[in-house]
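I opened my notebook to jot down what I looked up here, one item at a time.

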Amino acid sequence: TRAKMATIPLGFNIDSPRWDQSTFVGRLKHFLNITDPRTVLVPEEELDRAKALVEGCRAGVVPPGSSREQLLYAKKLYDSAFHPDSGEKMNFVGRMSFQVPGGMAITGCMLQFYRTVPAVVFWQWVNQSFNAFVNYTNRNAASPISLRQIGVAYVTATGAALATAVGLNLYTKRAPPLLARWVPFAAVAAANCVNIPMMRQQEIINGITVTDENNNELGRSRRAAVKGIAQVVLSRITMAAPGMIILPIIMERLEKFTFMQRIRVLHGPLQVLLCGGFLLFMVPAACALFPQR
């Protein structure tokens, strides 16, 4: 026991949240920490070492000389790359820390290439493929889903996105230009309302485990599953909304200037960078909307 106390900082619990998770600000700080896009660049070997350090700390054994800062950084890497339920390493594309670099590239392209039907179809398909990876990766590990169910969810969500995008794109041909720029957001919102419930349908069918404050299992609840999935849908739409609603207004006004008309080739990269700026804050803010448990 004395050896354990010598290696773990006194009173330190690696699983205790650093910030109050009952408040939005506390959850925002938590998700700013674990959705940090810089963690995407961390080598796999370092992620594995972080997991070993976290698991060792839980067991009361860590390497001599480990500081509180080292343990907290290891927990940050662990939370950014490993599934909270199963502890398995998540695929690279599905990690929330990849939401900013992945989302900014796809969203920027959706907002830039919205005028023609082929471009709309292609980028909506790319976005739904990305969303399918994210939703499958972050599913409730206690509710397995079959390959057939994954396929049905993917096809229906992609179909909903394409139907919304192509339909509205044709409908807004004679509408003010700004309305056409908002079509990608409408498609994204519609697809999220289909993709997430379909991908996590087993939770709705069978319910999810409900626990008391001491983590004792009380049973399974379908109502809790419906509530949780509805919150996920709302948070994903909120995540995309500011960038996909405000950025078109900004670009609509900027493109009226002569200097912007001379550098049309840079409009796409500019929208990607601006999307990144929105997502850098909106990814953690949307994740922080609701308590995670």
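In which hand, left or right, does H6 pass H7 at their crossing? I looked it up, bearing in mind that this is a predicted model. The crossing of H6 with H7 is right-handed.

**Entry: H6 against H7**

I went on with the geometry. H7 covers residues 147-171, and its axis runs 9 Å from the axis of H6, at an angle of about 145 degrees. Then I noted who meets whom. On the H6 side I wrote down, among others, Val117, Val120, Val121, Gln124 and Trp125. On the H7 side the list includes Ile150, Tyr154, Ala157, Ala161, Leu162 and Ala165. Sorted by class, the residues of this contact come out as 14 nonpolar and five polar, with no charged ones.

**Entry: glutamine 124**

Gln124 made me curious, so to speak, and I gave this residue its own page. Is glutamine 124 buried or exposed? Glutamine 124 has 2% relative accessibility, so I put it down as buried, the cut-off for that being under 20%. Glutamine 124 belongs to helix H6. Setting aside neighbours within four places in sequence, I found glutamine 124 in contact with Met110, Ala161, Leu162, Ala165, Pro184, Ala187 and Val188.

**Entry: cavities**

Next I wanted the empty space. Rolling a probe the size of a water molecule over the atoms shows where such space is left. How many cavities of 30 Å³ or more does a search of the whole structure find? I noted three.

The largest cavity has a volume of about 210 Å³. There are 15 residues lining the largest cavity, and those closest to its centre are Gln99, Asn127, Asn131, Met239 and Ala240. Four helices each bring at least two residues to this lining: H5 (99-112), H6 (117-137), H9 (183-199) and H11 (222-254). I counted the classes too: eight nonpolar, six polar and one charged.

The second largest cavity holds about 60 Å³ of space. Its lining includes Met110, Phe113, Tyr114, Trp123 and Pro184, and Gln124 turns up there as well. H6 and H9 are the elements that give two or more residues to this lining, and H6 gives the most, with four. By class I have nine nonpolar residues, one polar and no charged ones for the second largest cavity.

Of its 10 lining residues, I marked His83, Glu88, Lys89, Thr137 and Arg139 as the closest to its centre. The lining of this pocket splits into three nonpolar, four polar and three charged residues.

**Entry: two loop residues**

Where is tryptophan 19? I found tryptophan 19 in the loop between helix H1 (2-7) and helix H2 (24-34). Tryptophan 19 counts as partly exposed, because its relative accessibility is 23%. Leaving out residues up to four places away in sequence, tryptophan 19 touches Gly26, Lys29, His30 and Asn33. I also checked tryptophan 19 against phenylalanine 31: they are 12 residues apart in sequence, and 10 Å apart from C-alpha to C-alpha.

Most residues other than glycine have a negative phi. Asparagine 215 is not a glycine, yet I noted a positive phi of about 70 degrees.

Notes:
Residues numbered from 1 in each chain as written. Predicted model: local features only at pLDDT ≥ 70, side-chain atom pairs only at ≥ 80, totals over all residues. Heavy atoms only, no water. 1 Å grid on protein atoms, 1.4 Å probe; cavity = no way out; pocket = protein on both sides within 12 Å on 5 of 7 lines; lining within 4 Å. Points joined across faces, edges and corners; volume = space filled by probe spheres on them. Nonpolar A, V, L, I, M, F, W, Y, C, P; charged D, E, K, R; others polar. Axes fitted to C-alpha atoms, helices over the stretch in contact; angles between N-to-C directions. Left-handed = near helix turned anticlockwise from the far one by under 90°. Contact = heavy atoms within 4.5 Å. Buried < 20%, exposed > 50% of the residue type's maximum accessible area, 1.4 Å probe, protein only.
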